[in-house]
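Here is a short report for a first look at this structure. Keep the view open while you read.

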Amino acid sequence: MATDIERLVSFEEAYYDQYDYYNLMEYSCHARGKGRTKREIELNTNRHSPAGHERKIVEKFQNSEMKRRRTKSSPS
């Protein structure tokens, strides 16, 4: 087992350059990254909002305002 690891290390030292190491460290192997670096993935992820579901609440409020205006302006 140790000989396999030693062979791998010697292969890397012989054939890899700084750009190969950069690609191994920066780019993940997962398909969801779609060619972005780990830093770019971290910057563009959904983060927890301490205020809760703000967008959903605002949308509900705006819809209720629109409905209220519609009912007031329509002749009954």
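## A residue to start with

Is Y15 buried or exposed? Y15 is exposed, because its relative accessible area is 60% and exposed means over 50%. This is a predicted model, and the values here are computed from it.

Y15 lies in helix 1, which covers residues 2-15. Y15 also belongs to a nonpolar patch on the surface.

## The chain as a whole

How many helices and strands does the chain have? The count comes to 4 helices and 0 strands. Read from the N terminus, the elements run α-α-α-α.

The chain has 76 residues. Buried residues make up 4% of them. The accessible surface of the chain comes to about 7800 Å². Carbon and sulfur atoms account for 55% of that surface.

## The largest pocket

Now turn to the empty space. Rolling a probe the size of a water molecule over the atoms shows where such space is left. In this model, the largest pocket holds about 190 Å³ of space.

Which residues line the largest pocket? They are S49, G52, H53, E54, R55 and K56. By class, this lining has 3 polar and 3 charged residues.

Technical notes. Residues numbered from 1 in each chain as written. Predicted model: local features only at pLDDT ≥ 70, side-chain atom pairs only at ≥ 80, totals over all residues. Heavy atoms only, no water. Patch = residues over 30% accessible without salt bridge, like charges linked within 9 Å, V, L, I, M, F, W, Y side chains within 5 Å. Areas by Shrake-Rupley, 256 points an atom, 1.4 Å probe, with all protein chains shown as cover. Salt bridge = Lys/Arg side-chain N within 4 Å of Asp/Glu carboxyl O. Helix = DSSP H or I, 4+ residues; strand = E, 2+ residues; numbered from the N terminus. Buried < 20%, exposed > 50% of the residue type's maximum accessible area, 1.4 Å probe, protein only. 1 Å grid on protein atoms, 1.4 Å probe; cavity = no way out; pocket = protein on both sides within 12 Å on 5 of 7 lines; lining within 4 Å. Points joined across faces, edges and corners; volume = space filled by probe spheres on them. Nonpolar A, V, L, I, M, F, W, Y, C, P; charged D, E, K, R; others polar.
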